[in-house]
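Please read it alongside the coordinates.

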Amino acid sequence: MFYNFFALGDDEFEELSRDILSRELDQKMRIFGKGADQGIDIADCKDGRTIIAQCKNYINTPTSDLMSALEKEKDKVEKLNPKEYYLFINKDISPKRINAIYELFQEWMPSNKNIYTRSDCDAFISKNENQDIAQKYPRLLNLNSLHNLINSSTIIDNQDLLISSKNLSALFAPTGQYRQSMALLENNQIVLISGRPWYRKDDFLKNA
């Protein structure tokens, strides 16, 4: 697992689930306010009843308690009778449990793919095209993901430097110091260059 789902509170998990579902369905979804949700945490923005989703932040709760809670949710979903129902669970559960949940809600679920476990959410936001979602929730980031985020700017800067170097290569004129440095590098496989450059990049371009 790449992200730290243990750090998410109920509100954050709902917001993350909304962002995942919005991206997955390619349509804007909204979160209902605090209070009695009547079986709806997330809904479509058209009529709020066509597509609905429920979020269960049960990461530290026994699976048996989760199943009991979901059996009670079925009555709410029956009253709402949406076209499609999604369930986000901040917990990893067995395939047998997933199938049992699907059987509860199969009238409103095309398949058990409508059930997102913690690992499913993690896999979704770990994709390159979805990492912008993860970055909205700093508490999700563990040491590895923080390292990648911090160093992403360094990678971009280095890429810009390479492009600039290629553009300036036609203007480069070898000097005696350059030839001396290259000889040292060839003979010793290392050379240390210190001090300020003769020109800043902008000045060099201006003078050229």
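1. The expected span of a helix is taken as 1.5 Å times one less than its number of residues; helices (H or I, at least four residues) and strands (E, at least two) are DSSP runs numbered from the N terminus. The model is predicted, with local features requiring pLDDT of at least 70, side-chain atom pairs counted only at pLDDT 80 or more, and totals for chains, interfaces and linings using all residues. Residues are numbered from 1 along each chain as its sequence is written, and side-chain values use heavy atoms, with hydrogens and water left out.

2. Helix 7, residues 176-188, comprises 13 residues and spans 18 Å from first to last C-alpha, close to the 18 Å expected at 1.5 Å a residue. Q189 follows helix 7 and has a positive phi, near 60°.

3. Five strands make up an open sheet of mixed pairing, in the order 1-2-3-4-5; two strands pair if DSSP finds at least two bridges between them. Strand 1 (29-31) and strand 5 (115-116) are the edges, each with a single partner strand, so one side of each has no neighbour in the sheet.

4. Strand 3 (residues 51-56) and strand 4 (residues 84-89) run parallel and are joined by six bridges. Q54 has L87 of strand 4 as its bridge partner.

5. Which residues make the contact (heavy atoms within 4.5 Å) between helix 1 and helix 4? Helix 1 contributes L16, I20, R23 and E24, and helix 4 contributes C121, F124 and I125.

Notes. Contact means heavy atoms within 4.5 Å.
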